[in-house]
Amino acid sequence: MATAREWWRGAAIYQIYPRSFADSNGDGIGDLPGITTHLDHVARLGVDAIWLSPFYTSPMADFGYDVADYRNVDPIFGTLADFDALVARAHALGLKVLIDQVWSHTSDQHEWFRSSRAGRDGPHADWYVWADAKPDGSPPNNWASVFGGPAWRWDARRRQYYLHNFLSAQPQLDGRNPAVQEALLDVARFWLDRGVDGFRLDAINFAMCDPALRDNPPAPDDGHVRTRPFDFQRHLHNQSQPEIADFLARLRAVCDSYGERFTVAEVGGAEAHREMVRFTAPGRLDSAYGFNFLYADKLTPALVRDAMADWPDTPDMGWPSWAFENHDAPRAISRWAAPEQRGAFGRMKMLLLGALRGNIILYYGEELGLTQVDIPFEHLRDPEAIDNWPLTLSRDGARTPMPWRADAPRLGFSDGAPWLPLGGDHDMLAVDRQDADPGSMLGWTRQVLTLRKAHAALRHGAMRIDEAGDALLVFERTAPDERLLCVFNLSAAAARWVRPAASRVLAATGSHADDLLSPYAAMIVALEEPE
């Protein structure tokens, strides 16, 4: 059960991708003043916090996830004063502010790396993972980069290879180095001193690697299409090291010294659940989320059942967070529903997200039912998409500009040419078209979040799966003096379900007649004791 101090337990968090939310200066790229101007929209949703993807100084090789200065704002996004104004406005609206921390790697333009690559005996010489070539000049081992190719890049200045788990422009920090840990904790203090309410830790399971640099073993063929060398390995040695948890305990101590601050880890990979449990053990992080839903090609009752089963409501377990969409995955409504079914499906999906046990994360535009945009090759910006075309992660198509006004040039996002194309159908989904219509997807999202906030059973109560068949997902959420039954038809066909006699409908989408739930219908009812 949540305590008065645990504002984050069961919270609804709204992720903002700064480049794509709102542009205040007409350069076609979203920025911090643009976000601040539109925070009223976010607050009206009923979320508890915003999470800002990176806005730090960066050459933008990976659009901000390659940080060149952890303590400053990139000029395309504004200034530190703009950030302070954003935090002040968010707090005035009752919104907490979470920011990304990208600590497994930096940009190759970071002053630490410039110093490290200059020689083997400088002040930052051992702040990154360096290794000698094999006798034949080849890389130290077989590790592969997430984005394709070897995870090692030769540097002629040091006459060594450096590790990069992502782009070669993102050299890997040596998270085992005590000096690196101290520097990163000082970064956390810098932003906590500016009033942030917590951190989302990007790819934190890559923060340390095996110091012996052993080869990764091959991965068994699981039937999935392998598009990158990374997919052919079990990543036992380039990530997922047990000592990462000790560093997270140090971060937790820093955050606790500032009061109630929230920490959530992003964890991917085959061992994600084991790591999330370890990272959220007592004295470490508050929460973690993986990719259960983000890359799933279909939403099924079994998928939800299995994800929930990983987080039993027991004293030794941490607290989960869930996202159906984010900046790294295609829009869920396009992945999971046919075009003609997206209206019904989107409402069902939102009610399901609002009913899950754990924190829930909404991605900007998800409240509008934004669809994935098909970006032609010549307009791609994501380096992963360009390198792996046409079998890409499709990240650009989920990062397109937010549509604010249907009839405005560039849908009110910018006075200039947007950095990515606008969605062809996004004018019909614009905020101003939906804002005054309680029956719109936007109106429905507000209702769902209001319901979640009003019912302790939904926000932080216990959860029990009653049915997870081919079509129907049925589970109970309970809290003292409250028992809710949550029913979802996850199929495109009608499904049979009999509503209990002693029940009161709290929320419903679709129709329920003659004991049939229409395709993608959903309902939450309060179960009442017979008098």
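Author: Contact means that heavy atoms lie within 4.5 Å. The structure is a predicted model, in which local features need pLDDT of at least 70 and side-chain atom pairs count only at pLDDT 80 or more, while totals for chains, interfaces and linings use all residues. Residues are numbered from 1 along each chain as its sequence is written, and side-chain values use heavy atoms, with hydrogens and water left out.

Reader: Is Gln 172 buried or exposed?
Author: Gln 172 is found in the loop between β8 (160-163) and α6 (178-193); helices (H or I, at least four residues) and strands (E, at least two) are DSSP runs, numbered from the N terminus. Leaving aside residues up to four places away in sequence, Gln 172 touches Ser 104, His 105, Tyr 128, Val 129, Leu 163, His 164, Asn 165, Phe 206 and Ala 207. Buried means under 20% relative accessible area, exposed over 50%, and partly exposed in between (1.4 Å probe, protein chains only). Because its relative accessibility is 2%, Gln 172 counts as buried.

Reader: With which side chain does the side chain of Asp 108 make a polar contact?
Author: Asp 108 lies in the loop between β5 (96-101) and α5 (111-117), and its relative accessible area of 16% makes it buried. Not counting residues up to four places away in sequence, Asp 108 touches Phe 113, Arg 114, Arg 117, Ala 169 and Pro 171. At 3.1 Å, the polar contact of the Asp 108 side chain is with the side chain of Gln 109.

Reader: Why do the buried residues of α9 lie on the same side of the helix?
Author: In α9 (residues 301-309), the buried residues are Pro 301, Val 304, Ala 307 and Met 308. An α-helix has 3.6 residues a turn, so residues three or four places apart point the same way. The buried residues of α9 pack against β12 (319-323), α11 (342-355), β14 (462-468) and β15 (472-479). They lie on the same side of α9 because, taking directions from the helix axis to the C-beta atoms, they cover an arc of only 135°.

Reader: In β20, which residue is the bridge partner of Ala 495?
Author: Three strands form an open antiparallel sheet in the order β17-β20-β19, where two strands pair if DSSP finds at least two bridges between them. The edge strands, each pairing on one side only, are β17 (495-496) and β19 (512-513). β17 pairs with β20 (residues 516-517) in the antiparallel sense over two bridges. In β20, the partner of Ala 495 is Leu 517.

Reader: How many salt bridges does a search of the whole structure find?
Author: A salt bridge is a side-chain nitrogen of Lys or Arg within 4 Å of a carboxyl oxygen of Asp or Glu. One network of salt bridges links Asp 62, Asp 328, Asp 382, Arg 395 and Arg 399. The search of the whole structure finds 36.

Reader: What is the relative accessible area of Glu 325, which forms a salt bridge with Lys 349?
Author: The closest N and O atoms of Lys 349 and Glu 325 are 3.8 Å apart. The pair links distant parts of the chain, with Lys 349 in helix α11 and Glu 325 in the loop between β12 and α10 (332-336), 24 residues apart. Lys 349 is buried, with a relative accessible area of 2%. Glu 325 is also buried, and its relative accessible area is 2%.

How values were computed
Polar contact = N/O pair within 3.5 Å; in protein donor to acceptor, adjacent residues only side chain to side chain.
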